[in-house]
Amino acid sequence: METENWVETVRSFLERSQDSLPADIHSLLSEAIDGTYTSLLPRVFFEAVQQSAVAISITDTRANILYANPAFTSITGYEAEEVMGRNESILSDKRTPKKIYENLWSTLLGKQPWSDTLINRRKNGERYVASLTIAPVLNHQGEITHFLGMHLDVTEEHRLAREVENNRELVESVVEAAPVVIALLDESGQVVLQNRAYRELRDLMGGIEPVGKLWSHLLGDNPLSCEEFKGYEVRFDPGGAAAPRWFSCSCTRVDEIDTSADSFFEPMDQSYRLLVAMDISDTKKGQEAVRMNALRALMAEEELVQSTRETLAGAIYQLQGPMNLVAAASNMIERRGASVSMDNLRRVLREAMDAGAEAMNRLSACMPEFLAEAVVPVNLNELIHDALALNTEKFLANGILVEWNPTAVLPAVTGREHRLCGMLNQLIENAIDAMSERGRKLRELTITTTQEDDDVITILIDDTGPGIPEEHRFQVFQPFYTSKGMKGKRAGMGLTMVQDVVSEHSGSIAIATSPGGGCRMALTIPLQGIPDGGES
Ligand code: FAD
């Protein structure tokens, strides 16, 4: 505003408010326009208000404008002269709710300053968002004499804030509705954002945070130190009759610029981990069916190898008895010394021993080897599930109830998958045999997996059969020991094989009494069952 203009503006303001303006303010302003003022302070105040970027207006007690600064003109489009004597309501827009004005006036009449955001109209009719503060000006008697209004056009800030809010709402609703499990972890490992699929999974897990279950062994102790990864398949076993679930898990680093005042000049990043898990159970189900068929065929083959080995080992064992007798007889004859009459017998015995040794060698040579198998990461829950599936018909035929209590997510052990599966199958078959005795009413098989120690997995197989008496618990692992006589198809080699497989995987097996009074087989298998790349 030109100097002439503001001098005129103030002069007309003084003329109009001759009666209402306190005498001291009147004389100060008069001095300011006449240039006769003696004090620096009023002039500085006046210039500061004139040059302020905030739209400033002074009104009487009825909101009639007495003064408006240049910023008021540039924001509203009204020249100061145009608004003199007019009510501030020329700026009002009917989109501003009535109760805002009611609150404005009740606050001001209570002699309190008031602030809020409302919609104003410029002279050209254009609407803008105004951040308005009004303060009552009181005289020495504490009465309101004027109002001081200050406002800013915050349309752009409002637009940006709305845009950010809209984007946030959009992202949130997309994340919320996404058909994948999503969680955002902060530096302390807390879940700061999750979606509906995540919460549903948490319900399925009985209220336990899925992050701890699905990602724990992938993320390690410090989630933020872990590298990004994707496509890790994690199996989740809800237990009971519920089918296992499979998730393809990924982890992505997300950095956000810190918005606190501390990082105003030196932006600091706040790091998060975005965890996404896609339920791939349906795809897995199809693959599982194919895998189970292949496993059935493989187990049948392994069983054939096992029973052939048992038969041959049994034959060698049976042959060993007469061979020992022949050897003893031959030794006796040798000790009695040379005699022509014994020569024939000695020769016959030697021939019998040679023939026997050859027969045993031939039998040993015929012993089939187990199929060569690589050492791979193996999920024991999955193998138990497989072994149970292989025996489904037997469970049904014998009325056996199966209770499956897996630890929801087990880390993999390194070992030979089919050998371990064969072993578990053997233990389950033993339990079925034990419970299928005629007259046995309670037939329950309970299998539990736990990971009490970080590096060891425990498997408990409890049945409600007759159990194994303490005095026999050592012998049952010896070859050809059987409590069932030789009628059965297995000649007491099953637990010997189990012991072999457990030892091969650096584990242990112990027999105890199950809670139901039957047999408990307690196995422990270290995670490094067969050390990486190593052969046991
Ligand atoms: P009005 O008829 O003016 O008033 C609506 C209601 O407000 C009335 O029903 C009454 O309850 C109350 N009211 C109005 N005047 C008084 C009064 N003097 N004493 C007690 N109660 C009263 N409004 C804007 O929209 N934008 C602005 O930028 C703005 N700046 C202002 C700056 C100052 C310094 C002051 C004092 C007021 C300002 N106002 C502003 C408020 C303005 O004076 C009007 O009250 C408001 O715009 C509503 O106008 P209206 O025509 O819709 O209703």
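In which helix is the place of Thr155? Thr155 belongs to helix α7, residues 155-177, where helices (H or I, at least four residues) and strands (E, at least two) are DSSP runs numbered from the N terminus. The model is predicted, with local features requiring pLDDT of at least 70 and side-chain atom pairs counted only at pLDDT 80 or more, whereas totals for chains, interfaces and linings use all residues. Residues are numbered from 1 along each chain as its sequence is written, and side-chain values use heavy atoms, with hydrogens and water left out.

**Thr155**
- Thr155 is partly exposed at 29% relative accessibility, on a scale where buried means under 20% relative accessible area, exposed over 50% and partly exposed in between (1.4 Å probe, protein chains only).
- The side chain of Thr155 makes a polar contact with that of Asp153 at 2.5 Å; such a contact is a pair of N or O atoms within 3.5 Å, and within protein one must be able to donate a hydrogen and the other to accept it, while residues adjacent in sequence count only if both atoms are side-chain atoms.
- Apart from neighbours within four places in sequence, Thr155 is in contact (heavy atoms within 4.5 Å) with Tyr128 and Val129.
- The C-alpha atoms of Thr155 and Pro244 are separated by 55 Å, the two residues being 89 apart along the chain.

**Ligand surroundings**
- The ligand is surrounded by 17 residues, of which the closest are Asn87, Ser92, Tyr101, Trp105 and Asn120; a residue is near a molecule or strand if one of its heavy atoms lies within 4 Å of it.
- By class, this shell holds eight nonpolar, seven polar and two charged residues, with Ala, Val, Leu, Ile, Met, Phe, Trp, Tyr, Cys and Pro taken as nonpolar, Asp, Glu, Lys and Arg as charged, and the others, Gly among them, as polar.
- Oxygen atoms of the ligand lie 2.8 Å from a polar side-chain atom of Trp105 and 3.1 Å from an N or O atom in the side chain of Tyr101, while a nitrogen atom of the ligand is 3.5 Å from a polar side-chain atom of Glu88.
- Taken alone the ligand exposes 910 Å², of which the protein buries 71%, with accessible areas from the Shrake-Rupley method with a 1.4 Å probe and, for residues, only the protein chains shown counting as cover.
- The elements giving two or more residues to the shell are α6 (98-109), β4 (127-138) and β5 (144-153), and α6 gives the most, with three residues.

- Asp237, in the loop between β8 (229-236) and β9 (245-257), is buried with a relative accessible area of 2%.
- The side chain of Asp237 makes a polar contact with that of Asn381 at 3.2 Å, and Asn381 is one of the buried residues of α12.
- Eight of the 11 residues of α12 (residues 380-390) are buried, so this helix is largely enclosed by the rest of the structure.
- Asn379 caps the N-terminal end of α12, a side-chain oxygen lying 2.9 Å from the backbone nitrogen of Asn381.

**Positive phi values**
- Most residues other than glycine have a negative phi.
- Ala63, which is not a glycine, has a positive phi of about 75° and is found in the loop between β1 (55-59) and β2 (65-68), where Ala63 is buried at 6% relative accessibility.
- Ser506 has a positive phi near 55° and is found in the loop between α15 (494-504) and β16 (508-513), where Ser506 is partly exposed at 46% relative accessibility.
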